[in-house]
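Subject: The structure we talked about

Hi,

Here is the structure I promised to pass on to you. Please open it next to this message and follow along as you read.

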Amino acid sequence: TEACLTQIEGAGALNAFVHHTPDLAREQARAADLRIKAGDAPSMCGIPLGIKDLFCTKGIPSQAASRILEGFKPEYESTVTQNLFDAGSVMLGKLNMDEFAMGSSNETSVYGDVINPWRRGNDDTALTPGGSSGGSASAVAADLCLAATGTDTGGSIRQPAAFVGITGIKPTYGRVSRWGVVAFASSLDQAGPMTKSVRDAAIMLGAMSSHDPKDSTSADIPVPDFEAALTGDVRGKVIGIPKEYRMDGMPQEIEKLWQDGTAMLKEAGAEIRDISLPHTKYALPAYYVIAPAEASSNLARYDGVRYGLRAKLDHGDGITEMYEKTRAQGFGPEVQRRVMIGTYVLSAGFYDAYYNRARKVRALIKRDFEQAFAAGVDAILTPATPSAAFGLGEMAEADPVQMYLNDVFTVTVNLAGLPGIAVPSGLDKKGLPLGLQLIGRPWEEGDLLNTAYALE
Ligand code: GLN
């Protein structure tokens with residue numbers, strides 16, 4: 001804990017931590033020490049973590065990197081952070097992220113951009129750590145903490161993990177409680193660990209998971225010992241390679257990374273099988289209808305009354321002006337865009353054409369995966385991202401769709417509710433990390449982690 005606190009002090013330029021809790025960290029570390037001495041150390045005892053700002057932490061600012069939650073200190077602890085504390089973890093502070101977890105580059109935060117500790121060779125252009133869990137990614141990669149929490153609605157754990165060369169897993173929908181995690185798109189959101197190794201991910205996922213009656217979508221199924229599943233033995237496992245993920249214009253390096261990963265699993269005794277997931281091409285459009293639709297509904301609660309910011313009002317302003325001014329000042333441009341898109345696709349005249357159609361497409365995407373698993377596929381291997389980390393400001397702000405295209409390999413997993421993991425798998429020509437993604441059967445994170453372990 002002390003080593004991390006020192007490291008954090010020297011790494012302000014990364015802008016990864018947005019709120020520091022050194023006193024709490026030291027208190028929790030002392031308590032962990034006593035438990036270790038008493039021979040009663042739980043799985044995460046004394047492990048210093050960073051917590052994404054999307055998690056409500058009792059009495060500690062939790063702003064989802066938005067201006068609209070300025071000054072908000074939750075009265076309660078999220079289930080995930082409580083589970084981690086019960087397992088002995090230490091919290092170093094809160095981590096930067098895209099506002100309300102909307103973004104792929106950590107450029108929409110009210111706290112400013114996060115910097116990726118990696119560089120392209122000798123070029124010192126500042127690069128994005130990815131998003132939305134960019135602070136988590138940067139903090140783990142720069143040794144500011146041993147691991148961090150992330151959340152993943154369309155790739156926000158896996159894409160930043162790939163951009164900084166760490167491991168990140170999005171569990172099966174319902175494995176981890178969403179209670180106390182600021183909601184973005186409730187049918188897609190899941191929290192998960194971002195760690196330095198697959199073994200760490202297995203241990204931390206075990207600590208985060210639980211059945212939680214406070215989250216109606218939390219599954220009442222046992223949490224297995226994920227670490228015990230790490231045998232490294234993948235002999236006889238069937239690995240599916242989906243042809244629809246071989247996109248036109250895919251960079252050579254990504255293609256090679258994918259081939260190398262395939263060869264590695266084959267060498268380890270897995271059977272490689274070409275498969276088809278025919279509805280893949282509709283995943284991004286469906287995601288960018290469903291996610292904003294749910295977001296526009298979830299974000300209706302930020303009204304200037306219940307939480308955080310209230311805009312300064314002029315004499316004669318009524319409640320409508322209060323809503324309008326507060327929301328105009330409190331939400332950044334990307335969040336406003338999502339609220340507008342979401343409200344539009346849910347409106348009476350367009351509901352069937354957009355939202356209902358996207359829901360049908362979602363069911364087809366889910367069925368593609370079900371059919372692959374029913375035919376005997378154990379895990380699906382794809383690249384995690386279409387490129388290595390890009391420069392901050394490089395993806396034109398004027399064209400948000402270009403940014404959305406980053407999520408092409410990750411959103412299918414959220415739409416289908418499946419577990420997905422990103423594992424660091426090599427460097428590109430300029431020395432930047434690249435990641436592979438493995439997608440598994442629902443509730444079989446242990447098996448998925450084990451296949452990732454064989455790739456590590
Ligand atoms: N980049 C995606 C989006 O902006 C995913 C975000 C996420 O997973 N939280 O919606």
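Helices H8 (residues 283-298) and H10 (residues 333-346) pack with their axes 7 Å apart, at an angle of about 100 degrees. Here helices (H or I, at least four residues) and strands (E, at least two) are DSSP runs, numbered from the N terminus. Axes are lines fitted to C-alpha atoms, for helices over the stretch in contact, and angles run from 0 to 180 degrees between N-to-C directions. H8 and H10 are therefore roughly perpendicular to each other (65 to 115 degrees; under 35 is roughly parallel, over 145 roughly antiparallel, and the rest oblique). On the H8 side, the contact includes Val289, Pro292 and Ala293, while H10 brings residues including Arg338, Val339 and Ile341. Two residues are in contact if their C-beta atoms, placed from the backbone, lie within 7 Å. This contact has eight nonpolar residues, three polar and one charged. Ala, Val, Leu, Ile, Met, Phe, Trp, Tyr, Cys and Pro count as nonpolar, Asp, Glu, Lys and Arg as charged, and the others, Gly among them, as polar.

Before going on, please note that this is a predicted model: local features need pLDDT of at least 70, side-chain atom pairs count only at pLDDT 80 or more, and totals for chains, interfaces and linings use all residues. Residues are numbered from 1 along each chain as its sequence is written.

H8 also meets H11 (residues 352-374), where the axes come within 9 Å and cross at roughly 125 degrees. H8 and H11 are therefore oblique to each other. Ala286 and Ile290 are among the H8 residues here, and Tyr355 and Ile365 among those of H11. The residues of this contact divide into 10 nonpolar, no polar and one charged.

Now to the active site. The unreviewed UniProt entry places this feature at Lys52, Ser132 and Ser156 (such annotations may be inferred rather than shown by experiment, and the positions follow the numbering used here, with feature names shortened). These residues span 105 residues in sequence, yet no two of their C-alpha atoms are more than 11.3 Å apart, so they gather at one spot. Lys52 lies in strand S2 (residues 48-52), whereas Ser132 is in the loop between strand S3 and helix H4. The peptide bond from Gly131 to Ser132 is cis, with omega near 5 degrees.

Enjoy exploring!
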